[in-house]
Amino acid sequence: CFNVPCYWTILLRAREYAEKKGCQLSWCVARDVPLCHHDRDLNEEQLHTKQCMWLGRHDQDTAHLTSLLHRVQGLPLRLTETMNRQLRLYRGRRCRLLGWAPHPEDVRTEVNGEWMSNKLPLCLYLQFPGATWKLHDDLAVGVYPLAPASRTWKFNKNTGVQARRTGYFVI
């Protein structure tokens, strides 16, 4: 509950940036799968309620994978985990969202003029200012393709009960 103002500010900044640049804002949500059989045996509605509560957790609690990804071209982001030491892509490094490769089965739903995706993009293309490296001939200098990652995290630290989250290491 102490993170609500932080997430609200991030949400407002993403909306403000999209509006200022005249770009479409879209969203996607990290995927959580419970690893405990008791949680897996819940009915669909109960499991959905539990997963929605998990989305309110800070990325420090969820193995640095953020719950909500705001997508608008040019949006300033930062890494929440070290991606590549050789390229100096350390946690906290700033970048911009250049674009993304949508999932082929993605179904978008419009909500108040913004788009919500039901699938994570296959890849985010992040532009790192000042970078001099080039990973591939098809990519510009300083562009890093970030694929979704999965990690296990404890949603109940007292009992050690865990879930597996798939998302991105950016906020």
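Me: Which residues touch the most other members in the largest nonpolar core?
Reply: In this predicted model, the largest nonpolar core has 26 residues, and those that touch the most other members are Leu124, Leu126, Phe128 and Val170.

Me: And which elements give two or more residues to this core?
Reply: The helix α1 (4–21) does, and so do the strands β1 (26–29), β5 (94–101), β8 (123–127) and β9 (143–146). The largest share comes from α1, which gives four residues.

Me: How many aromatic pairs does the structure hold?
Reply: There are four aromatic pairs in the structure. One of them joins Phe128 and Trp133, whose ring centres are 6.2 Å apart and whose planes are at 50°, so this pair is tilted.

Me: Are Phe128 and Trp133 buried or exposed?
Reply: Phe128 is buried, and Trp133 is buried as well.

Me: What about the rings of Trp153 and Phe155, how are they arranged?
Reply: Their centres lie 6.1 Å apart with the planes at 65°, and because an angle over 60 degrees counts as edge-to-face, the pair of Trp153 and Phe155 is edge-to-face. Ring pairs also link Trp153 and Phe155 with Trp54 into a cluster.

Me: Why does Phe155 count as buried?
Reply: Phe155 has a relative accessibility of 14%, and it counts as buried because the cut-off is under 20%. Trp153 is buried too, with a relative accessible area of 3%.

Me: Changing topic, where does Arg108 lie?
Reply: Arg108 lies over the face of Trp115, at 4.3 Å from the ring centre.

Me: And how many disulfides does the structure hold?
Reply: The structure holds zero disulfides. Cys23, for instance, is in no disulfide, and the nearest cysteine sulfur to it, that of Cys95, is 16 Å away. For Cys36, which is likewise in no disulfide, the nearest cysteine sulfur belongs to Cys52 and is 19 Å away.

Me: Why is Cys23 called partly exposed?
Reply: Cys23 has a relative accessible area of 32%, and it is called partly exposed because that term covers values between the buried limit of 20% and the exposed limit of 50%.

Definitions and conventions:
Residues numbered from 1 in each chain as written. Predicted model: local features only at pLDDT ≥ 70, side-chain atom pairs only at ≥ 80, totals over all residues. Heavy atoms only, no water. Disulfide = S-S within 2.5 Å. Buried < 20%, exposed > 50% of the residue type's maximum accessible area, 1.4 Å probe, protein only. Phe/Tyr/Trp six-rings, centres within 6.5 Å; stacked < 30°, edge-to-face > 60°. Lys NZ or Arg CZ within 6 Å of the ring centre and 35° of its normal. Core = buried A, V, L, I, M, F, W, Y, C linked by side-chain atoms within 4.5 Å.
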